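Work through these exercises with the model open. Try each task before reading its solution.

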Amino acid sequence: MKIGPAATGAALLAISFTLSACGSSEPAGTAAQPAGDASAAAAGGKVGIDFPRTDSDFWNSYNKYVPQMATELGVDLMPPTNSQNDVAKLVANTQALTGQGAKVIVMAPQDTGAIASTLQTLEGKNIPVVTVDTRPDKGKVYMVVRADNKAYGTQACEFLGEKLGGKGKVVQLMGALSSINGRDRAEAFRGCMKDKFPGITVFEEPTEWEGTKAASMLQTRLEQHPDIKGVYMHAGGVHLAPTLQVLKAKGLIVPPEDPKHVFVISNDGIPQEFEAIRKGEIDATVSQPADLYAKYALFYAKAASEGKTFQPGPTDHDSTIIQLPNGLEDQLPAPLVTKENVDDQALWGNQVK
C-alpha cells in the first residue's frame, strides 16, 4: 500500500470500507491532515450531489453506485438532482442544494468552462466542491475525482496504430470539446498519431457526446472513405450502439483476420462494451471506473465536510493525487480491456447486474 506524502505532523486517515459492489474490502484512506482553519462544514454535514445526465449507460451506472456508496461510507447524502447535460440546470440545482443546507457539493459539469462563476460563488460561501470525471477550467475545487483522460487517448492511439501497422485511415468520434475530457482525449490521440504513426490519417468528428451525430458522421466518412480501418469512440455509453449499427449496415462486423475488419476501441467499460468485445464486434475499451468515481467522490466529500485536506502524491488505492492550478485531482486507474481480460471479475463492468 502506498500513502501520499503529507506535511510534518500530518495525521493519516485510515478508513476501511466494505464494498458489496466490488466483492471485497480495501483501505480507502489517503494522506490527510486537519485543515488549518476549520471550514464551515468541519463538523460534517449534508452532501448535495448533482447527476450530470441519464442518456449514457456509463452515467446511469455511476448514478446507481452513488446511494450504495453513501450508505457504505456513512455519508449524509441529500436527494440527488439531475442537470441533464445542461449547465443552466446544474447552476439552478446547485443553488437549490445549498439553499436546502448542503455543506459540500458533488458535481460532474459537462461544460467545464461555464461552471466557473458557480464555483466562485460556492467558494465565497465556504462550500467545498468535489467534481467527478470532469475538471473545471477555472474555479476552486476541493478534489477532482477523475482518471487520466490523456492516457485514454494515448492508449487508443497505440492500440489502433499497432493493429493497423502504422498505415491507413481512422475516425475519431470525439465528445464535446467544451469538456476537458473531450479535449484531453482528442488532443492526446491526435498528438500520439502524429508522433508515433504519421502514416495514419485521422478524421476527427466532434459528436458533442450525441449518438445520433456519431452515427451520421461515421456513415458519411465511410461513404467518402470506404477503406477506413479504425474507429476511436470517446464514450461507449453514447457511441457504441450507433457505431455498431453503421458498421453492421455496411457489413463490416467481421473477424479481425478478415481484411474488411474495422478495429474499434472505446472508452467507458460498460457491460455492453464487454459483450461487444466478447462477440468480436469491437476490439477494446478503456474502463472508466464508475464504481470508484462514486466511491471516492463521496469519500472526499465526507473528508471535506470534516475539514480534512490532502497532499499531492501516490495514494493507497493505486492512484496519484496531482496539483492543479485550482485544486487537487485524484487520478484513478483505468485499465485497457481486450478479449484477453474482458472476463476479469475485478472490472466494474462485470459486476453490474
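**Exercise 1. Find which backbone oxygen the side chain of Asn 350 reaches, and decide whether Asn 350 is buried or exposed.**

Solution. 
- The side chain of Asn 350 reaches the backbone oxygen of Asp 344, at 2.7 Å. This is a predicted model, so the distance is computed from predicted atoms.
- Asn 350 sits in the segment after β18 (336-337).
- List the contacts, leaving out residues up to four places away in sequence. Asn 350 touches Phe 274, Arg 278, Val 342, Asp 343, Asp 344 and Gln 345.
- Classify it. The cut-off for buried is under 20% relative accessible area. Asn 350 has 16%, so Asn 350 counts as buried.

**Exercise 2. Compare the span of helix α5 with the expected span, then find what caps and covers the helix.**

Solution. 
- Count first. Helix α5 covers residues 180-196, which is 17 residues.
- Take the span. From first C-alpha to last, α5 reaches 23 Å. At 1.5 Å a residue, 24 Å is expected, and the value is close to that.
- Look at the N-terminal end. Ser 179 caps α5 there, with a side-chain oxygen 3.1 Å from the backbone nitrogen of Asn 181.
- Pick out the buried residues. They are Ile 180, Asn 181, Gly 182, Asp 184, Arg 185, Ala 186, Ala 188, Phe 189, Cys 192 and Met 193.
- Recall the helix repeat. An α-helix has 3.6 residues a turn, so residues three or four places apart point the same way.
- Find the cover. The buried residues of α5 are covered by elements including the strands β8 (143-147), β9 (168-174), β10 (200-206), β11 (230-233) and β12 (263-268). Helix α4 (149-163) is also among the covering elements.

**Exercise 3. Decide whether Asp 184 is buried or exposed, and name the residues it touches.**

Solution. 
- Locate it. Asp 184 belongs to helix α5.
- Classify it. The relative accessible area of Asp 184 is 6%, so Asp 184 is buried.
- Name the contacts, not counting residues up to four places away in sequence. Asp 184 touches Arg 135, Arg 146, Asn 149 and Lys 150.

**Exercise 4. State how many cavities of 30 Å³ or more the structure holds, and describe the lining of the largest cavity.**

Solution. 
- Count. There are two cavities of 30 Å³ or more.
- Take the volume. The largest cavity has about 160 Å³.
- Find the residues around its centre. The lining of the largest cavity has 15 residues, and the closest to the centre are Trp 59, Gln 110, Asp 133, Trp 209 and Ala 235.
- Assign elements. Helices α1 (57-73) and α5 are the elements that give two or more residues to this lining.
- Sort by class. The lining has five nonpolar, six polar and four charged residues.

**Exercise 5. Asp 133 and Asp 318 each have a positive phi. Which is buried and which is exposed?**

Solution. 
- Take Asp 133. Its phi is near 70°, a positive value in a residue other than glycine. Asp 133 lies in the loop between β7 (129-132) and β8. With a relative accessible area of 5%, Asp 133 is buried.
- Take Asp 318. Its phi is near 60°, again positive in a residue other than glycine. Asp 318 lies in the loop between β15 (313-314) and β16 (320-324). At 57% relative accessibility, Asp 318 counts as exposed.

**Exercise 6. Explain why helix α9 is described as largely enclosed, then examine Leu 292.**

Solution. 
- Helix α9 (residues 290-305) has 16 residues and reaches 23 Å, close to the 22 Å expected.
- Count the burial. Of the 16 residues of α9, 15 are buried, so the rest of the structure largely encloses this helix.
- Check what follows. After α9 comes Gly 307, with a positive phi near 80°.
- Zoom in. Leu 292 is in α9. Leu 292 has a relative accessible area of 17% and is buried.
- Name the contacts, not counting residues up to four places away in sequence. Leu 292 touches Val 145, Ala 297 and Leu 332.
- Leu 292 and Val 66 are 226 residues apart along the chain, with 9.9 Å between their C-alpha atoms.

Definitions and conventions. Residues are numbered from 1 along each chain as its sequence is written. Side-chain values use heavy atoms; hydrogens and water are left out. Helices (H or I, at least four residues) and strands (E, at least two) are DSSP runs, numbered from the N terminus. The expected span of a helix is 1.5 Å times one less than its number of residues. Buried means under 20% relative accessible area, exposed over 50%, partly exposed in between (1.4 Å probe, protein chains only). Contact means heavy atoms within 4.5 Å. A polar contact is a pair of N or O atoms within 3.5 Å; within protein, one must be able to donate a hydrogen and the other to accept it, and residues adjacent in sequence count only if both atoms are side-chain atoms. On a 1 Å grid over the protein atoms alone, a cavity is a set of points where a 1.4 Å probe fits but cannot get out, and a pocket is an open set with protein on both sides within 12 Å along at least five of seven lines; lining residues have an atom within 4 Å of a point. Grid points are joined across faces, edges and corners, and a volume is the space filled by probe spheres set on the points. Ala, Val, Leu, Ile, Met, Phe, Trp, Tyr, Cys and Pro count as nonpolar, Asp, Glu, Lys and Arg as charged, and the others, Gly among them, as polar.
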